[in-house]
Amino acid sequence: MLETERVSYLFADARDLYQDALEMLDQGRMRNAADKAWGATNRATDALILARTGEEPRTSGQTMRMIRQLRRQDPALEPLRLRYGHRQSFLHGACFYDGILEPEDDIIADVRETLDYIREAEAMAEVR
């Protein structure tokens, strides 16, 4: 698969996971919604990194390292990097792994804001 096709695929996958997260919210399955939103966040960030570097991270740890490296080259990525870290800690760590599902309003807001994150990553992927 060509790099540009892979970037498009990753962003499409992020959007699919976001839709899954919304479905989980509608079903009252907060833990699963958080995990799907985290997955969407991670895929969108991987797509951004691939678009900017030509390398696709294989783990979320690699993703974090690579987004940190990129923000050194482009300080405009700092807000996205901070949001990535928050989402990794809150949605993936606290909500999914630890089962901490309160405050519910914060989880719902973070899940719903995932689409904004994806859109921001897409826009940043086009800036070189």
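**Salt bridges and burial in a predicted model**

Student: Arg15 forms a salt bridge with Glu122, the closest N and O atoms being 2.7 Å apart. Why is this pair called a salt bridge?

Tutor: The term requires a side-chain nitrogen of Lys or Arg within 4 Å of a carboxyl oxygen of Asp or Glu; at 2.7 Å, Arg15 and Glu122 therefore qualify. Arg15 belongs to helix 1 and Glu122 to helix 6, so the pair ties together parts 107 residues apart in sequence. Helices here are DSSP runs (H or I, at least four residues), numbered from the N terminus.

This is a predicted model, in which local features need pLDDT of at least 70 and side-chain atom pairs count only at pLDDT 80 or more, whereas totals for chains, interfaces and linings use all residues. Residues are numbered from 1 along each chain as its sequence is written, and side-chain values use heavy atoms, leaving out hydrogens and water.

Student: What makes Arg15 partly exposed?

Tutor: Its relative accessible area is 31%. Buried means under 20%, exposed over 50%, and partly exposed in between (1.4 Å probe, protein chains only), so Arg15 is partly exposed.

Student: Why is Glu56 called buried?

Tutor: Glu56 has a relative accessible area of 17%, so the residue falls under the limit for burial. Its salt-bridge partner Arg6, with closest N and O atoms 2.9 Å apart, is partly exposed at 22%.

Student: How do you know that Glu120 and Arg83 form a salt bridge?

Tutor: Their closest N and O atoms are 2.3 Å apart, so the pair meets the criterion. Glu120 lies in helix 6 and Arg83 in helix 4, 37 residues apart.

Technical notes. Helix = DSSP H or I, 4+ residues; strand = E, 2+ residues; numbered from the N terminus.
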